[in-house]
Amino acid sequence: MPEMHFTVRWPDGCEHTCYSPSLVVRDFLVPGQRYALPDFLSRTQQALSIASERVAAKYGFACSRAMDQWASIASHAEAFAHHPDAQVEVLRFDA
């Protein structure tokens with residue numbers, strides 16, 4: 001199963017490289033695009049859930065690394081939850 005990484009820039013300018021066990025993230029995010037925080041969270045949760053389900057279908061168990069990545073994203077986003085105009089920019093994909 002092809003894995004990939006995607007790099008995002010948070011509202012404070014900090015950049016993080018995130019992991020996905022599947023290329024499905026490309027169906028939900030576009031490099032160079034900025035997303036309102038709630039939209040970004042929804043898109044990444046969907047993408048990583050689907051990616052984990054694909055691992056489960058192939059190997060018989062969900063991808064804990066994808067779910068850990070989602071937890072990390074959600075946790076980091078909490079710092080910006082009180083900023084109604086907070087946006088996350090997708091910088092690039094690395095397969």
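The model is a predicted one, so local features need pLDDT of at least 70 and side-chain atom pairs count only at pLDDT 80 or more, while totals for chains, interfaces and linings use all residues. Residues are numbered from 1 along each chain as its sequence is written, and side-chain values use heavy atoms, with hydrogens and water left out.

I begin with the strands. Helices (H or I, at least four residues) and strands (E, at least two) are DSSP runs numbered from the N terminus, and two strands pair if DSSP finds at least two bridges between them. Strand 1 pairs with strand 2 in the antiparallel sense, over six bridges. These two strands form a hairpin with five residues between them, and in the turn Gly13 has a positive phi of about 90°. On its other pairing, strand 1 is joined to strand 4 by five bridges, again antiparallel. Phe6 illustrates both pairings: its bridge partner in strand 2 is Cys18, and its partner in strand 4 is Phe93. Arg9, for its part, has Glu15 as its bridge partner in strand 2.

Glu89 forms another salt bridge, with Arg34, at a closest N to O distance of 3.5 Å. Here too distant parts of the chain are linked: Arg34 belongs to strand 3 (residues 34–36), and 55 residues separate the pair.

How accessible are these side chains? I call a residue buried under 20% relative accessible area, exposed over 50%, and partly exposed in between (1.4 Å probe, protein chains only). Glu89 counts as buried, at 14%. Returning to the opening pair, Asp94 is partly exposed at 33%, and Arg92 is partly exposed at 37%. Salt bridges with shared partners join Arg9, Glu15, Arg34 and Glu89 into one network.

I turn now to the cysteines. How many disulfides are there, if a disulfide is a pair of cysteine sulfur atoms within 2.5 Å? The count is zero. The sulfur of Cys18 has its closest cysteine sulfur in Cys14, at 10 Å, which is too far for a bond. Cys18 is also buried, at 2% relative accessibility. Cys63 is likewise in no disulfide, the nearest cysteine sulfur being that of Cys18, 14 Å away. Cys63 is buried as well, with a relative accessible area of 10%.

Next, the helices. The expected span of a helix is 1.5 Å times one less than its number of residues. Helix 1 has 23 residues and reaches 32 Å from its first C-alpha to its last, close to the expected 33 Å. Its buried residues are Leu37, Phe40, Thr44, Ala47, Leu48, Ala51, Ser52 and Val55. Among the elements that cover them, counting contact as heavy atoms within 4.5 Å, are strand 1, strand 2, strand 3, strand 4 and helix 2. Just after helix 1, Gly60 takes a positive phi of about 90°.

Helix 2 (residues 64–77) has 14 residues and spans 20 Å between its first and last C-alpha, close to the 20 Å expected. Which of its residues are buried? They are Ala66, Gln69, Trp70, Ile73 and Ala77. Viewed down the axis of helix 2, these residues fall within an arc of 100° and so line one face of the helix; the arc is that of the directions from the helix axis to the C-beta atoms. As background, an α-helix has 3.6 residues a turn, so residues three or four places apart point the same way. The face turned away from the buried side of helix 2 carries the exposed residues Ser64 and Asp68. The buried residues of helix 2 pack against strand 1, strand 2 (15–20) and helix 1 (37–59).

Definitions and conventions. A salt bridge is a side-chain nitrogen of Lys or Arg within 4 Å of a carboxyl oxygen of Asp or Glu. A disulfide is a pair of cysteine sulfur atoms within 2.5 Å.
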